[in-house]
Amino acid sequence: MSAVSLTVNGKAVTADIDPRTLLVQYLRENLRLTGTHVGCDTSQCGACVVHLDGEAIKACTVLAVQCDGRSVTTIEGLASGGELHPMQAAFREHHGLQCGYCTPGMIMTAVDLVRRKGNALDEHTIRHELEGNICRCTGYHNIVKAIAAGAETMASEPHKVAAE
């Protein structure tokens with residue numbers, strides 16, 4: 001067993017875990033944060049995207065012990081005080097989902113996209129940046145619209161993330 005201490009969605013957590021435990025497993029099984037989904041176990045689909053120290057990563061490719069002393073934000077950590085993050089609200093408003101399985105990873109990727117590329121995102125940039133996220137239900141049209149709208153809203157309404 002290995003000791004791991006990290007901050008998840010603004011809260012300090014500590015556990016003794018098998019050193020082979022993936023971050024996605026730790027989040028889902030130990031912390032019961034089930035919004036981070038396991039879609040492929042091969043880093044292909046993006047359903048497991050979380051933020052590690054503010055940057056999007058696929059939690060199925062990182063060991064939990066590698067995150068020792070670091071900060072993780074999951075989809076559950078985006079909303080603040082019962083208010084949806086602007087990107088979450090945009091996905092709801094623009095119906096950027098169908099079955100919803102990929103949605104948490106899409107939203108986490110989108111928030112990171114805005115952090116890296118800014119708020120004025122064109123369709124080509126959004127589609128290119130989503131290459132690591134697979135949706136098996138939609139044609140991505142509403143997802144792209146939702147991300148563009150969420151990015152604009154993020155520019156005009158700075159939102160404090162629960163993990164800050």
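**Figure 1. Arg92 in helix H2 of the predicted model**. Arg92 is exposed, with a relative accessible area of 60%, in a model that is predicted. Because the cut-off for exposed is over 50%, Arg92 falls in that class with its 60%. The helix that holds Arg92 is H2, which covers residues 86-93. Ala146 is also shown: 54 residues separate Arg92 and Ala146 along the chain, and their C-alpha atoms are 8.1 Å apart.

**Figure 2. The two domains of the protein**. Domain 1 spans residues 2-77, and domain 2 spans residues 86-156. A distance of 21 Å separates the C-alpha centres of domain 1 and domain 2.

**Figure 3. The interface between domain 1 and domain 2**. On the domain 1 side, 18 residues make contact with 15 residues of domain 2. About 1300 Å² of area is buried between domain 1 and domain 2, and carbon and sulfur atoms account for 57% of this area. Nine residue pairs are in polar contact between the two domains, with both residues at pLDDT 80 or more. The number of salt bridges between domain 1 and domain 2 is zero.

**Figure 4. The side of domain 1 that touches domain 2**. Strand E3, residues 49-52, supplies at least two residues of this side, and strand E4, residues 55-58, likewise supplies at least two. By residue class, the side of domain 1 that touches domain 2 has seven nonpolar, nine polar and two charged residues.

**Figure 5. Asp53 in the loop between E3 and E4**. Asp53 is found in the loop that lies between these two strands. The phi angle of Asp53 is near 50°, a positive value in a residue other than glycine. Asp53 has a relative accessible area of 43%. Asp53 is therefore classed as partly exposed, since that class lies between the 20% and 50% cut-offs.

**Figure 6. Asn9 in the loop between E1 and E2**. The loop that holds Asn9 has strand E1, residues 2-8, on one side and strand E2, residues 11-17, on the other. Phi of Asn9 is near 50°, which is positive, and Asn9 is a residue other than glycine. The relative accessibility of Asn9 is 13%, so Asn9 counts as buried, the cut-off for buried being under 20%.

Definitions and conventions. Residues are numbered from 1 along each chain as its sequence is written. This is a predicted model: local features need pLDDT of at least 70, side-chain atom pairs count only at pLDDT 80 or more; totals for chains, interfaces and linings use all residues. Side-chain values use heavy atoms; hydrogens and water are left out. Domain bounds come from an automatic or database domain assignment. Contact means heavy atoms within 4.5 Å. Buried area is the accessible area (1.4 Å probe) that two parts lose on being put together, summed over both. A salt bridge is a side-chain nitrogen of Lys or Arg within 4 Å of a carboxyl oxygen of Asp or Glu. A polar contact is a pair of N or O atoms within 3.5 Å; within protein, one must be able to donate a hydrogen and the other to accept it, and residues adjacent in sequence count only if both atoms are side-chain atoms. Helices (H or I, at least four residues) and strands (E, at least two) are DSSP runs, numbered from the N terminus. Ala, Val, Leu, Ile, Met, Phe, Trp, Tyr, Cys and Pro count as nonpolar, Asp, Glu, Lys and Arg as charged, and the others, Gly among them, as polar. Buried means under 20% relative accessible area, exposed over 50%, partly exposed in between (1.4 Å probe, protein chains only).
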